[in-house]
Amino acid sequence: MTAILKKALMGAALSMGITTTAMADNNNSKFNYVVDRFADVEVLRYKVPGFEDLSLKQKMLIYYLTEAAITGRDILWDQNNRYNLQLRQLLENIYTSYSGDRNSADFKAFEKYLKQVWFANGIHHHYSMDKFTPEFSREFFDKCVATLPASKRPADMDGISRVVFDPGFMPKKVNQAEGADLIVTSATNLYEGVTQKEVEDYYAAIKDTTDVTPVSYGLNARVVKKDGKVVEQIYKIGGLYSPAISRIVELLGKAAEYAENDKQRAVIEKLIEYYATGSLKAFDDYSILWVGDTGSQVDFINGFIESYDDPLGMTGNWESIVNFKNLDASHRTEVISENAQWFESNSPVDPRFRKPEVKGVTAKVITAAILAGDSYPSTPIGINLPNANWIRAAHGSKSVTIENITQAYDEAAHGNGFNDEFVPDAAMRELMDKYLFITDNLHTDLHECLGHASGRLLPGVDPDALKAHGSTLEEARADLFALYYLADPKLLELGLIDSPEAYKAQYYKYILNGLMTQLMRIEPGKDVEEAHMRNRKLISEWALEKGAADKVIEYEVKDGKTYIKINDYPRLRELFGELLGEIQRIKSEGDYEAGRDLVERYAVKVDPKLHKEVLDRYAHLDIAPYKGFVNPVYKPVTDAKTGEIIDIAVDYTEEYIPQMLRYSHDYSPLTKE
Ligand code: ZN
């Protein structure tokens, strides 16, 4: 549950118009970061600085790992919804063969819908989880379908039409509403024909609660009913998604030939074994090897990892990120990691809940080379894995910040007018311009390297005791740890920041985002659902309420516009510390009721009036609330005479639609007849 630092975390930062003079690459100022814009989405591209400097062997390793990454795309599409792959094929067939007026309103609406579906890896919004609403007519769609040869129409045309046009059919990818049967009411394809109770009973029966090194039950399984019995369909060679997994394994095998060292080769081989057997024990062994491989420059994740999209938080969505260490920028996180014990020992939580010994917190800054599966096009900006609690406790975890992605966000957001609209105080705007990029990076480092790794459960406490609220509370814990320490003089002492005022820029942005600006991502009338957004709202609303008597944080209304005013930063830091103590207690003791009360009271419900105002002001700015990326294209360069690969070239020119169509054409092991 701790996991990947989801795209949401950067929230407002991405749209804050941060000045990144220090980061700007003046040698290549013509690099065009913005690729496409539609609906609520902006598509960017990112640079892969330093790739050229890698050895040919490392480039070959990355090349095969990126091929393996893109190859898993269809798995995620199918996990998201059982109609997704059929529908994508149909939409792409219509799109590429359409002979009518491509400027007509219907066709433009069709293109927008297809772009949305591509971006979300399916028919549901990647973030809100709501099904997309087509803005083209049913007649237009039926006409387009009728012009296709029968071989290019999906087998279940009725189901496809229904899922596109009936808003009441599969309306939500993941339903988290308390009280409902979360499996029956969720449209993901992780379960079929089973109720929440049946699944919970199934796992309760096979879970050995006395096992101190439990496997991650359900991580690589679809659960269905067969002959009246609940059974798992395992994702593996010979199992579910076999054609895709077999091809991934083939490419991993090629990558292994170029491994930088024996440890890395062992990691790849163990992953292959896991894919071949579906054994969750093999996955744990792989995770332990992966954590232990800290010496390689190239690294990757590839598999069923994060379970945010499973209503029960068990099954992993397929994803892959291939990356290599950014040696210069890693210094910052190394300093933080080296001091992990100091941070743990001084944290404002009950000593009973602290880790007496913080183990194996590694940290580095990486450069992403490819984003795939659930990390594409919308992507995390950090990674903290593995997720299994006992592996983290016994073997540590790896934590990274993906700085070429954060840099691309910041470059693209520069000067978008956001700060002028929402930050009335010129001095604060200046402080943000100066310190937001570095404090954002530090926040991410502290959240990932220390926050998730901190604290411990009391003996006998079930790691899943907080159930559906576990993700929100875990993210809150990590954020609070980061917020608390951002204001600590220790950061100055360690040379990580050069001003005792810098943290205020981050505090202001965080509260502004948690109370107001993140609401731009929510549709009118809807609740806050996503774990990271809930976490930010929880923290901000709680601090607002608890500090109300001392006016620590205030709303200020000027000319009908609401602003945030923070009057007492040191007190706000104390409040962050108090809430961290309480949430750590809740986690350590497995206090489900207290955790649920915090989430239900502070994190979910939206003030409709403020919400409307934020949406209006935001609409005026015309900034896309969601961003994602196209990948660069890696092309082997061969020697004309020998045919040998002598280099891997990086090309940044591919646009959004061509990339999506190329991926569907070249990397679709599950849809090839
Ligand atoms: Zn996190």
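Trainee: What should I keep in mind before I start?

Mentor: The model is predicted, so local features need pLDDT of at least 70 and side-chain atom pairs count only at pLDDT 80 or more, while totals for chains, interfaces and linings use all residues. Residues are numbered from 1 along each chain as its sequence is written, and side-chain values use heavy atoms, with hydrogens and water left out.

Trainee: How many aromatic pairs are there?

Mentor: Rings of Phe, Tyr and Trp (its six-membered ring) pair if their centres lie within 6.5 Å; planes under 30 degrees apart are stacked, over 60 edge-to-face, and the rest tilted. Here that gives 43 aromatic pairs. Take Phe31 and Tyr33: their ring centres are 4.8 Å apart and the planes sit at 65°, so this pair is edge-to-face.

Trainee: Are Phe31 and Tyr33 buried or exposed?

Mentor: Buried is under 20% relative accessible area, exposed over 50%, and partly exposed in between (1.4 Å probe, protein chains only). Both Phe31 and Tyr33 are buried.

Trainee: Which charged end sits over the ring of Phe31?

Mentor: The rule wants NZ of Lys or CZ of Arg within 6 Å of the ring centre and within 35 degrees of the ring normal. For Phe31 it's Lys47, with its charged end 5.1 Å from the ring centre. Arg617 does likewise over Tyr563, at 4.9 Å from the centre.

Trainee: How do I read helix 4 and helix 24?

Mentor: Helices (H or I, at least four residues) and strands (E, at least two) are DSSP runs, numbered from the N terminus. Axes are lines fitted to C-alpha atoms, for helices over the stretch in contact, with angles from 0 to 180 degrees between N-to-C directions. The axes of helix 4 (residues 105-120) and helix 24 (residues 656-666) come within 11 Å and cross at roughly 60°. That makes helix 4 oblique to helix 24; under 35 degrees is roughly parallel, over 145 roughly antiparallel, 65 to 115 roughly perpendicular, and the rest oblique.

Trainee: Which residues of these two helices meet?

Mentor: Contact means heavy atoms within 4.5 Å. Glu111, Lys115, Trp118 and Phe119 of helix 4 meet Tyr656, Ile657, Met660, Leu661 and Ser664 of helix 24.

Trainee: What about Gln659?

Mentor: Gln659 is in helix 24 too, and at 0% relative accessibility it counts as buried. Setting aside neighbours within four places in sequence, Gln659 is in contact with Tyr376, Val630, Asn631 and Glu654.
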